[in-house]
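Subject: Structure handover

Hello,

Here is the structure I promised to pass on. Please open it alongside this note; my findings follow below.

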Amino acid sequence: MNPLRKIKSVRELGEEAEKLRNEGKRVVHCHGVFDLVHVGHMRHFQEARRMGDVLVVTLTPDVHVNKGPDRPVFKQDLRAEALAMLESVDYVGINEWPTAEETLRIIRPHFYVKGPDYRLPSKDRSGNISREQLVADEVGAQLVVTRDITFSSSNLLNRHFNTRTKEVADFLQDFSRRVDPDQVLEVLDRVRSLKVLVVGETIIDDYHYCETMGKAGKEPILVARYKSSEQFAGGILAVANHLASFCDHPSMLTFLGDREAQEEFIRQKLNPSVKAHYLRLKDAPTLVKRRFIETYPFQKLFEVYVMGDGDVNAGEQAELCRELERLLPEFDAVIVTDYGHGMIGPEAVELLCSKAKFLAINTQVNAHNHGFNTISKYRRADYACVSEGEVRLEVRSRHLDVRDIVLQISRRLSCDRITITQGRQGSLCFDGTHFHQIPALTGHFVDRVGAGDAVLVVTSLCVAAGVPMETVGLIANAVGAQAVGVMGNRSAIDRMALIRHLEFLLK
């Protein structure tokens, strides 16, 4: 029999399983990623096969493999083909969902079999095993855990199929020797209970994809053919969505325009767990950043801002300050993403510096603020996360050692916890005494827009929870690796995907 004939859709597997049950045969079901099929998997399948008459194996599709930006190493069709080659496996299917819950309902096996690394349900941070146990009970399947030899595909891939640079491999090996991986992962559980407020401007990212056709016939301008467009919830909306992935009590304070407010779009895109506090800008639209992009290769051609004429007026600034006075005492931490479009004036800055229990800040430079929106507008911070280019503007130097710049900023802000994001060079973290250089964990970039915001959110939570800065740096670069692999702010950083990525890195 051609092994490829074993591969069927999940619906076809359901029909086949029903026939087998009617014939009195016992159906056994295994499910997993199976990125690298090894002897541990083979023994697992053999033990599972002995429990019944037919073994069905389903695998997680590429789109739902959340072990990091470079996984899976082997795409779903190749993984399915490898499984079909095994004599112990009777049928193979590529799952359609992130977990096996719906697949269990379709196949309805007699036994649902997991590997020995699932003996302790408390180690399953995703909660998938508990949910799958409930579904197994629902369909009358017995959940069984095999007990043979255990290997980790992630560990084998890291050791023998390593595509990382020597710098990254050496750093991770040294870090894993000194720091318990469970302590790193536990951090992301610890921050869930924090009450956090994010403050900043709402931005709608409007992407228009096109193909350039060349120079116009009669004028010296570039002509492009429109292909498609999409909008993302950017600015503080993206920040709030990231926060909602990691905290149970996320809140947001921002301005919307009193015309072209984009309220319906925002309602659809903002995570429903975010408690939003909206103020209004008089005679202004909600800020839209419209980018025109060459589809291949991905290249931004130019950008248009749709915005009001100036900064927040005195009345609006006073309203913002009143709202800050009311809200700040309620929160364990405040994260400020200051995009420099006029929302956060001197009065609001002073309130944030004087009344936030824990203040994390990021200031950004763009065409609107002409480089004036630097971090020294704040006199105090508990944590700062800024790009190297932006701190160089702060000291007006292209050549000064970045560590000397960090020391200057630390003194100016009375801030002893700082992360400097450095793109392909990774990140530099300072803990008040020591510097920690963390290499970048990916060289694959789709779009850098929003990556700094994602890093700011997750690292701010870690610093607020007292995590050592070297660990903060590792988490920062793992978040950054995920963020630059996504177009704009199309999706928030997923907590479970980050955990899986960190587990993979530290094995």
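Which residue in β16 does Ile 361 stand opposite? It is Ala 384. Bear in mind throughout that this is a predicted model.

**The sheet**

Start with the open sheet. It has nine strands, in the order β11-β10-β7-β14-β15-β16-β17-β18-β19. The pairing is mixed. Two strands pair on one side only: β11 (275-285) and β19 (435-438), the edges. On average, neighbouring strands are turned by 15 degrees against each other, direction ignored.

Strand β14 (residues 333-338) is parallel to β15, and five bridges join them. Thr 337 has Asn 362 in β15 as its bridge partner. β15 and β16 are also paired in the parallel sense, over two bridges. Next, β16 (residues 383-387) runs parallel to β17 (residues 418-421), with four bridges. There, Val 386 has Ile 420 as its bridge partner in β17.

β14, helix α12 (residues 346-355) and β15 form a β-α-β unit. That unit is right-handed.

Ser 414 sits in the loop between α14 and β17. Its phi is near 50 degrees, a positive value in a residue other than glycine. Ser 414 counts as exposed because its relative accessible area is 60%, and the cut-off is over 50%.

Helix α9 (residues 236-246) is mostly covered. Ten of its eleven residues are buried. Among them are Ile 236, Leu 237, Asn 241, His 242 and Phe 246.

Gln 317 belongs to helix α11 (residues 314-327). Is Gln 317 buried or exposed? Gln 317 is buried, because its relative accessible area is 7% and the cut-off is under 20%. Leaving aside residues up to four places away in sequence, Gln 317 touches Val 312, Gly 342, Met 343, Ile 344, Gly 345, Glu 347 and Ala 348.

**The α16/α17 pair**

Two packed helices are described by the angle between their axes and the distance between the axes. For α16 (residues 469-483) and α17 (residues 495-505), the axes come within 10 Å. They cross at roughly 115 degrees. The crossing is right-handed.

Which residues meet there? From α16 come Leu 474, Ile 475, Ala 478, Val 479, Ala 481 and Gln 482. From α17 come Ala 497, Leu 498, His 501, Leu 502 and Leu 505. By type, the residues of this contact are nine nonpolar, two polar and no charged. An α-helix has 3.6 residues a turn, so residues three or four places apart point the same way.

Asn 66 itself lies in the loop between β3 (54-59) and α3 (76-84). At 25% relative accessibility, Asn 66 counts as partly exposed. Asn 66 and Cys 210 are 144 residues apart in sequence. In space, the two are 31 Å apart, C-alpha to C-alpha.

**Backbone points to check in the viewer**

- Tyr 296 and Pro 297 are joined by a cis peptide bond, with omega about -5 degrees. Pro 297 is in the loop between β12 (288-294) and β13 (299-306).
- Glu 260 has phi near 45 degrees, a positive value in a residue other than glycine. Glu 260 is in the loop between β10 (249-259) and α10 (263-269).

Best wishes

Key
Residues are numbered from 1 along each chain as its sequence is written. This is a predicted model: local features need pLDDT of at least 70, side-chain atom pairs count only at pLDDT 80 or more; totals for chains, interfaces and linings use all residues. Side-chain values use heavy atoms; hydrogens and water are left out. Axes are lines fitted to C-alpha atoms, for helices over the stretch in contact, and angles run from 0 to 180 degrees between N-to-C directions. A crossing is left-handed if the near helix is turned anticlockwise from the far one by less than a right angle, and right-handed if clockwise. Contact means heavy atoms within 4.5 Å. Ala, Val, Leu, Ile, Met, Phe, Trp, Tyr, Cys and Pro count as nonpolar, Asp, Glu, Lys and Arg as charged, and the others, Gly among them, as polar. Two strands pair if DSSP finds at least two bridges between them. A crossover is right-handed if, with the strands pointing away from the viewer, the path from the first strand over the helix to the second runs clockwise. Buried means under 20% relative accessible area, exposed over 50%, partly exposed in between (1.4 Å probe, protein chains only).
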